[in-house]
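The sequence and structure are shown first.

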Amino acid sequence: MGACMALCSLASCASCLCGSAPCLLCGCCPSSANSTITRLVFSIFLLLGTMVSVIMILPGMETELRKIPGFCQGGTSIPGLENQVDCDVIVGYKSVYRMCFAMTCFFFLFCAIMIRVRSSKDPRAAIQNGFWFFKFLILVGITVGAFFIPDGTFNTVWFYFGAVGSFIFILIQLILLIDFAHSWNKIWVENAEDGDNKGWYAALMFFTVLNYALAITAVVLFYVYYTLPDDCTEHKVFISLNLIFSVIISVVSILPKVQEAQPHSGLLQASIISLYTMYVTWSAMTNNPNRKCNPSLLSLMSNVSTTESSGDNPGHIQWWDAQGIVGLIIFVLCTLYASIRSSSNTQVNKLMQTEETGGSGGEGVVGEDGVLRAVDNEEDGVTYSYSFFHFHLCLASLYIMMTLTNWYQPDTTAQAMQGYMPAVWVKICSSWLGLIIYLWTLIAPLIFPDRDFN
């Protein structure tokens, strides 16, 4: 009896993996819409690839692999068996580059396939919303092939692709943060007004003050640890300008004219953007090749001078640092939010190529095979651009590659990774452009009063 039930369960899973409708997650969220589940599964693909990349770059991974008899070239050998695996490629930054290259190619492939899909009646929508097992096989196949790419100039060229893609993705992250902040503020204000409960206003004030306190604390720490009286001029300029810009957007967000045009605009959104701007500033300064202006977190905690620590091993890389971990956390949250978001913000919907949706659309549907399936809410029209969603995940793959390698550029002559100023400018420019985008969301309704910016 147990064997029969197991076979039935496997058959049910097979229909989910190979069918044209996503039912992988319906058991957990039976009232979810088709479009939401599809985005979640693709995001899980991305997160799985990220986990593999993290494992590959863990400190000491190459040493442990070399202990496996007959596995790594130059490692422990077995008499009569030649070691075939180049462990320099399957671990470290080279492995991250190849894994993220595979994910980028995978999502770019679907980005091209899904161009101009208008509704779930399009035959390509079945590919988008199903056949997960075959998609997984395609991703695995591309990944295996990526590890056979010879070094040559691949790492250097792919670094520049990653820098450009990450620049765009940082802007998308900021747009998602703007949307999240607007939705958060709107929901809590409506709860306070509908229930006549002032506790919601107190909660909004608490988080606003907390965000500003963290941002101000970050500015103070930046001046203390990332600047010197006679050096680090760039850092002083970056910190000062972003502090001034943060004050400007905070003041603009509470101007009477802006409040009249956008009643839900306020300091909560500005505080979140200001805090994120400080994070990007911090992330940029950690890529400065001048170690006097870029002390590692370990040296700060152990009071070791940067000049002493930087001279021992200039090619040494600290893969895991605080800003990289924070970047991964923000990335995961933004990726999941992009998968489940249902925004009423017209500006953000236009930028993200999504449409306002009014809910899940009902309960899950039980198919003829007895499997619970999601509601198809895209028969009349898609709720998001399939192609742009994959383009977003494509950029996310590049961002993960740069984050895990700390934006270091491969030095093929020295076989090392080094920090370069272009990475610093990419991040700083993205923070400035992000602030401009947020400022535009505030003043656009005043400049174009005849347009709908709700």
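In this predicted model, helix α5 meets helix α17 through V96, Y97, C100, M103, T104, F107, F108, F110 and C111, which contact S387, H390, F391, L393, C394, S397, L398, I400, M401 and L404 of α17. By class, this contact comprises 15 nonpolar and four polar residues, with no charged residues. Two packed helices are described by the angle between their axes and the distance between the axes. For α5 (residues 93-113) and α17 (residues 386-404), the angle is about 170 degrees and the axes lie 8 Å apart. Because angles over 145 degrees count as roughly antiparallel, α5 is roughly antiparallel to α17.

A second contact involves helix α8 (residues 154-195) and helix α18 (residues 421-447), whose axes come within 9 Å and cross at roughly 30 degrees. The crossing of α8 past α18 is right-handed. On the α8 side, the contact is made by A163, F167, I170, L171, L174, I175 and I178, and on the α18 side by V426, C429, S430, L433, G434, I437 and Y438.

The class counts of the two contacts are set out below.

| Helix contact | Nonpolar | Polar | Charged |
|---|---|---|---|
| α5 with α17 | 15 residues | four residues | no residues |
| α8 with α18 | twelve residues | two residues | no residues |

Turning to charged side chains, side chains of opposite charge can pair when their charged atoms come close. A search of the whole structure finds one salt bridge. D122 pairs with R124 in a salt bridge, with the closest N and O atoms 3.2 Å apart. R124 has a relative accessible area of 25% and is therefore partly exposed.

Methods
Residues numbered from 1 in each chain as written. Predicted model: local features only at pLDDT ≥ 70, side-chain atom pairs only at ≥ 80, totals over all residues. Heavy atoms only, no water. Axes fitted to C-alpha atoms, helices over the stretch in contact; angles between N-to-C directions. Helix = DSSP H or I, 4+ residues; strand = E, 2+ residues; numbered from the N terminus. Left-handed = near helix turned anticlockwise from the far one by under 90°. Contact = heavy atoms within 4.5 Å. Nonpolar A, V, L, I, M, F, W, Y, C, P; charged D, E, K, R; others polar. Parallel < 35°, antiparallel > 145°, perpendicular 65-115°, else oblique. Salt bridge = Lys/Arg side-chain N within 4 Å of Asp/Glu carboxyl O. Buried < 20%, exposed > 50% of the residue type's maximum accessible area, 1.4 Å probe, protein only.
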